Amino acid sequence: MPSRLFLPDVLAGQVAVVTGGGTGIGAAITRELVGQGARVVIASRKPEHYARAAEGLSAELGVEVLGLPLDIRDRDSVEAFVGAVVDKLGRIDVLVNNGGGQFLAPAETIRPKGWDAVVQTNLTGTWNLTRAVFDRVMGERGGRVINITMLTSRGFPGMAHSVAARAGVEAMSRTLAVEWAPRRVLVNCVAPGLILSSGMNNYPDGASVAQAMQAEVPLKRLGSVQEVAELVAFLAGPGGAYITGQTLVVDGGRSMWGNTWPLPDDGDPPPVVIPKEPWEA
Ligand SMILES: NC(=O)c1ccc[n+]([C@@H]2O[C@H](COP(=O)([O-])OP(=O)(O)OC[C@H]3O[C@@H](n4cnc5c(N)ncnc54)[C@H](OP(=O)(O)O)[C@@H]3O)[C@@H](O)[C@H]2O)c1
């Protein structure tokens, strides 16, 4: 479904890379950017994601969407991927670092291997690809980098590893926005709240947890992948030309309100005695 917001060819002539573009939010971003006229390359580890989606989206949209292998944790894979895109399409104007993942776990159960894997994917992986694209093309030609993060302002109980990594990406983005402003590289983050995507299947009881979580969102529903994709497309297009170093939140108000983690009931709280001023005691 093409955009409800943009002229169909506003990104004509531009090349966009969307990591994790074969599933969920990334697939919606791909569809939206293609709808605006960009050539889009989707990239991830598993052919059943990137190759199947490239084929499916090409058939659906009537435009060729490329799918290539990429593991953002592996610097050799990152170099090979960026080289392949530049060889095939000659440029990269928009980089959407959407690929990522984590598992739900109380902090005391996260093992070193699990922590390292989540930080390597979501923080170091984002850095690896961003830096490779900057070195190869954007440092000379400019461009837009859009990092998909998560809600970080209240922490994220149950995901200490991922929220630490995503807050790192947000701080890195503010830093790069300044350092790379002279190169005309704009760097922003989009932080989704609870979004109804196929990625929910990665969590045990994902559908029923998502159903219950709706009550904890001020707008009383989950967001759609399209609602994230349209903001990414806005940042990639002319509307985003003067926005850099920002984190834009798409969450129906979730970051400001709602229970995030049940705390044990410790019985009656201590009695409240309103203090007098010391000289009145
Ligand atoms: N849905 C939500 O409510 C929500 C909320 C906040 C943030 N997010 C974040 O938004 C992004 C997209 O989420 P989603 O819901 O669409 O989940 P998803 O379908 O699980 O998407 C994750 C994508 O990342 C790719 N990926 C994972 N590790 C990778 C790696 N090392 N190298 C390259 N690609 C990799 C996966 O493809 P392969 O398996 O083929 O590699 C997959 O396509 C994720 O970063 C997610 O954590 C989602």
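Guide: In this account a helix is a DSSP run of H or I with at least four residues, and helices are numbered from the N terminus. The model is a predicted one. Three such helices, α1 (24–35), α2 (47–61) and α4 (112–141), each give at least two residues to the shell around the ligand.

Visitor: What makes a residue part of the surroundings of the ligand, and how many are there?

Guide: The C-beta atom, placed from the backbone, has to lie within 6 Å of the molecule. By that test 31 residues surround the ligand, and the closest are G20, G24, G99, G100 and G199.

Visitor: Which helix supplies the largest share of the shell around the ligand?

Guide: That is α1, with 3 residues.

Visitor: Which residues meet where α1 and α7 touch?

Guide: From α1 come G24, I25, A28, I29, R31, E32 and L33; from α7 come V225, Q226, V228, A229, E230, V232, A233 and A236. This contact divides into 10 nonpolar, 2 polar and 3 charged residues.

Visitor: What makes α4 and α5 roughly parallel?

Guide: Helix α5 (residues 160–179) packs against α4 at about 20 degrees, with the axes 9 Å apart. The limit for roughly parallel is under 35 degrees, and α4 and α5 are therefore roughly parallel to each other. In passing α5, α4 makes a right-handed crossing. The residues in contact include W115, V118 and W127 of α4, and H161, V169 and M172 of α5. By class the contact of α4 with α5 has 9 nonpolar, 6 polar and 1 charged.

Visitor: How do α1 and α2 cross?

Guide: The axes of α1 and α2 cross at roughly 35 degrees and come within 11 Å, and the crossing is right-handed. A27, T30, R31 and V34 of α1 meet A53, L57 and L61 of α2. Those residues are 5 nonpolar, 1 polar and 1 charged.

Visitor: Why do β3 and β9 count as standing at the edges of the sheet?

Guide: The open sheet has 7 strands in the order β3-β2-β1-β4-β5-β6-β9, with parallel pairing. β3 (66–69) and β9 (247–250) each have a single partner strand, so one side of each has no neighbour in the sheet. From one strand to the next the twist averages 20 degrees.

Visitor: How do you know that β4 and β5 pair?

Guide: Pairing takes at least two bridges. Strand β4 (residues 94–97) and strand β5 (residues 143–148) have 4, in the parallel sense. L95 stands opposite V145 in β5.

Visitor: Which helices pack on the sheet, touching β2 and β3?

Guide: One is α2, which touches β2 (39–44) and β3, its direction making about 170 degrees with that of β3. Helix α3 (residues 75–89) touches β1 (15–19), β2 and β3, and makes about 160 degrees with the direction of β2. Angles over 145 degrees count as roughly antiparallel, so both α2 with β3 and α3 with β2 fall under that heading.

Technical notes
Residues are numbered from 1 along each chain as its sequence is written. This is a predicted model: local features need pLDDT of at least 70, side-chain atom pairs count only at pLDDT 80 or more; totals for chains, interfaces and linings use all residues. Two residues are in contact if their C-beta atoms, placed from the backbone, lie within 7 Å. Ala, Val, Leu, Ile, Met, Phe, Trp, Tyr, Cys and Pro count as nonpolar, Asp, Glu, Lys and Arg as charged, and the others, Gly among them, as polar. Axes are lines fitted to C-alpha atoms, for helices over the stretch in contact, and angles run from 0 to 180 degrees between N-to-C directions. Angles under 35 degrees count as roughly parallel, over 145 as roughly antiparallel, 65 to 115 as roughly perpendicular and the rest as oblique. A crossing is left-handed if the near helix is turned anticlockwise from the far one by less than a right angle, and right-handed if clockwise.
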